[in-house]
Every structure is written in structure tokens, then in C-alpha cells.
Amino acid sequence: INFLIGVILGFVGGMELQMFGASIDMADLVGIAMVRELGCIMTGIIMSGRTGAAFAAEIGSMKVNQEIDALKTLGFSPLDFLVMPRMLALVIMMPLLTAYGNVMGMLGGGMIAPLFGVTLSQYYHELVGSIDLANYTAGIFKSVFFGLIVAGAGCLKGMQSGNSSSAVGMATTSAVVTAITAIIA
């Protein structure tokens with residue numbers, strides 16, 4: 001998804017910048033937009049649909065099968081045993097996935113650059129010059145919170161799920177919608 005976002009951003013930016021003879025600046029546009037905003041947002045949205053939904057479905061199914069009640073009976077806290085490991089895992093993985101998504105997005109922009117007379121070497125040098133540590137850090141920092149949002153929504157909706165299979169489906173859908181809305185907000 002990030003690769004395609006980079007292609008789209010590069011194409012739209014290249015079309016507009018070409019009118020001003022500034023096609024090389026498409027690398028700046030793609031690079032800054034990917035590392036500051038789009039890389040972490042798109043990664044968060046994809047993780048909402050994939051991992052947030054999986055968390056809600058798994059925990060919801062455990063509730064239907066009364067496995068959560070069994071954990072409570074045995075003296076285990078479902079929050080400590082089910083929620084915290086998932087939250088920690090996603091908080092650690094989101095920055096790594098965002099960094100990978102950023103690279104893929106910038107590669108996507110690079111694939112479209114030759115259409116506007118920008119060589120890959122020019123694109124690379126302009127890209128490296130435009131991305132600074134502050135922009136990169138801002139995107140990575142946001143991704144940590146997006147990981148908390150996705151895992152939190154998935155686990156919360158799974159724990160709040162009803163005791164039927166249709167309730168698990170509704171909880172899964174609700175987790176995805178909640179996480180995406182929170183990420184966009």
C-alpha cells in the first residue's frame with residue numbers, strides 16, 4: 001500500500017511540479033509526506049484491518065468459549081495475560097513497519113520519477129537532502145501511538161464482545177472502524 005501511495009504521490013506531484021519546471025522537487029514531496037504523515041497513517045490503517053481485527057476476533061472467540069472466565073477462575077488477569085502482550089507487540093512492531101513502509105513509499109515515488117525527466121540518481125540525492133531527522137522521528141513517534149490505538153481498540157472490542165459468533169463479527173468490525181477513525185482523528 002505504501003509503495004502505491006508513493007507512486008500516486010509522485011505522479012500527482014510530478015504532474016503539477018512539471019508545469020513549473022520543478023520536477024525534481026517531487027522527491028521532496030514524496031519523501032517528506034511519506035516519513036512525516038502518510039507512512040505511519042497508511043501502516044496504521046492496514047494494521048487496523050489486519051491485526052486489530054485479529055485481536056478482536058481472537059479475544060471475542062475466547063470470550064464465547066468461556067476461556068476468559070476460566071482465566072479469571074484460575075487467578076490470571078485477562079488484561080495481563082491477553083491484552084498487555086498484544087499491546088507491547090504492536091507498539092514495538094509499528095515503528096519497524098512504518099520505517100519499512102516509508103522506504104517502500106519512497107521507492108514507489110522513485111519508480112515514477114523517470115516519467116518526469118528525473119533520473120533515479122537525481123531522485124535519490126534530492127530525497128536524501130530533503131528528509132531530516134525531525135520529520136523522520138515525527139512519523140516514527142506517531143506510529144507508536146497508532147500501535148497503541150490499534151491494539152487497544154482490537155483488545156477492547158474483543159473483551160466487550162457478546163457471547164455469540166455474530167457478536168464476535170460485530171466486535172471485529174467495530175474494532176477496525178474504531179481504530180481507523182482514531183488514527184485519522
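Predicted model: local features only at pLDDT ≥ 70, side-chain atom pairs only at ≥ 80, totals over all residues.
Residues are numbered from 1 along each chain as its sequence is written, and side-chain values use heavy atoms, with hydrogens and water left out.

I begin with the fold. The protein chain has seven helices and zero strands; helices (H or I, at least four residues) and strands (E, at least two) are DSSP runs, numbered from the N terminus. The C-alpha trace spans about 70 × 30 × 25 Å along its principal axes. Of the 185 residues, 43% count as buried, where buried means under 20% relative accessible area, exposed over 50%, and partly exposed in between, with a 1.4 Å probe and protein chains only.

I turn to the aromatic rings. Rings of Phe, Tyr and Trp (its six-membered ring) pair if their centres lie within 6.5 Å; planes under 30 degrees apart count as stacked, over 60 as edge-to-face and the rest as tilted. By this rule there are three aromatic pairs. In one of them, the centres of Phe11 and Phe116 are 6.0 Å apart and the planes stand at 50°, so this pair is tilted. Because Phe11 lies in helix H1 (residues 2-18) and Phe116 in the loop between helix H4 (78-112) and helix H5 (120-130), the pair ties together parts 105 residues apart in sequence. Phe11 is partly exposed at 40% relative accessible area, whereas Phe116 is buried at 8%.
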